[in-house]
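Here is a short briefing on one protein chain. Look at the model first, then read the points below.

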Amino acid sequence: MTSRRNFLTLGVALAAWVASGKFAPPAQASESGETFEITRTDEEWRTALGEAQYRILRQEDTERPFSSALNNEKRNGIFHCAGCGLPVYSSEAKYDSGTGWPSFWQSLPGAIGTRDDNSLFMTRTECHCRRCGGHFGHIFDDGPPPTGKRHCINGLSLTFAPVDV
């Protein structure tokens, strides 16, 4: 049976853990201290992106796995930031990770920024557009050669432009 003392002790421990920052929500681009070339008000982003893309790019939400058409995109081309159009990934670096999200082993040079994300009880590397700060996803160390990285990206954060070879 749970006593009042055990309940209060658990509450104090939980409050201390939250205060330690281990349970912090991800930093928003506007609150991270970073500055970006392209800035808009929240309302301007909402209007330009629509609700689903706004949640992902501006609020760091995650789309359901296997829900993006870009997961099955096999053509040659360039993936662009859906927020500002910056080219960020090449189809040459795309691979099927089996995770349900478009995955790449590297970004285009100078296209992304990263920061620590301490949400979900762990530290991960969040990646975002270096020009507008739009959230793409996370980078993990379980990808294929030559980098060993897996850029696990929300499909709604990208647009695709095919290139004829």
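A salt bridge is a side-chain nitrogen of Lys or Arg within 4 Å of a carboxyl oxygen of Asp or Glu. Asp-141 forms one with Lys-149, with the closest N and O atoms 2.4 Å apart. This is a predicted model: local features need pLDDT of at least 70, side-chain atom pairs count only at pLDDT 80 or more, and totals for chains, interfaces and linings use all residues. Residues are numbered from 1 along each chain as its sequence is written, and side-chain values use heavy atoms, with hydrogens and water left out.

**Salt bridges**

- The count comes to ten salt bridges by this rule.
- Asp-141 is exposed, with a relative accessible area of 63%. Here exposed means over 50% relative accessible area, buried means under 20%, and partly exposed lies in between (1.4 Å probe, protein chains only).
- Salt bridges that share partners join Glu-34, Glu-60, Arg-115 and Glu-126 into one network.
- Glu-34 lies in the loop between helix H1 (4–19) and H2, and Arg-115 lies in strand S5 (residues 112–117), so the pair ties together parts that are 81 residues apart in sequence. Helices (H or I, at least four residues) and strands (E, at least two) are DSSP runs, numbered from the N terminus.

**Around Glu-73**

- Glu-73 sits in the loop between H3 and S1.
- Glu-73 counts as buried because its relative accessibility is 13%.
- The side chains of Glu-73 and Arg-75 form a salt bridge (2.7 Å, N to O).
- Arg-75 is partly exposed, with a relative accessible area of 47%.
- Leaving out residues up to four places away in sequence, Glu-73 touches Phe-79, Lys-94 and Phe-160. Contact means heavy atoms within 4.5 Å.

**A three-stranded sheet**

- Strands of a sheet pair through backbone hydrogen bonds, either parallel or antiparallel.
- Which order do the three strands of the open sheet take? The order is S2-S1-S9, and the pairing is antiparallel. Two strands pair if DSSP finds at least two bridges between them.
- S2 and S9 are the edge strands, and each pairs on one side only.
- From one strand to the next, the twist averages 30°. Axes are lines fitted to C-alpha atoms, for helices over the stretch in contact, and angles run from 0 to 180 degrees between N-to-C directions.
- Three bridges join S1 to S2. Ile-78 has Ser-90 in S2 as its bridge partner, and Phe-79 stands opposite Tyr-89 in S2.
- Five bridges join S1 to S9. Cys-81 stands opposite Leu-158 in S9.
- Four of the five residues of S1 are buried, so S1 is largely enclosed by the rest of the structure.
- The hairpin of S1 and S2 has five residues between the strands, and Gly-85 there takes a positive phi near 85°.

**The nonpolar core**

- A nonpolar core is a set of buried Ala, Val, Leu, Ile, Met, Phe, Trp, Tyr and Cys residues joined through side-chain atoms within 4.5 Å.
- The largest one has 23 residues, and Tyr-89, Phe-136 and Leu-158 have the most contacts inside it.
- Several elements each supply at least two residues of this core, among them helix H2 (42–49), helix H3 (51–59) and strand S1 (77–81).
- Beyond its neighbours within four places in sequence, Tyr-89 has contacts that include Phe-79, Phe-104, Cys-127 and Leu-158.
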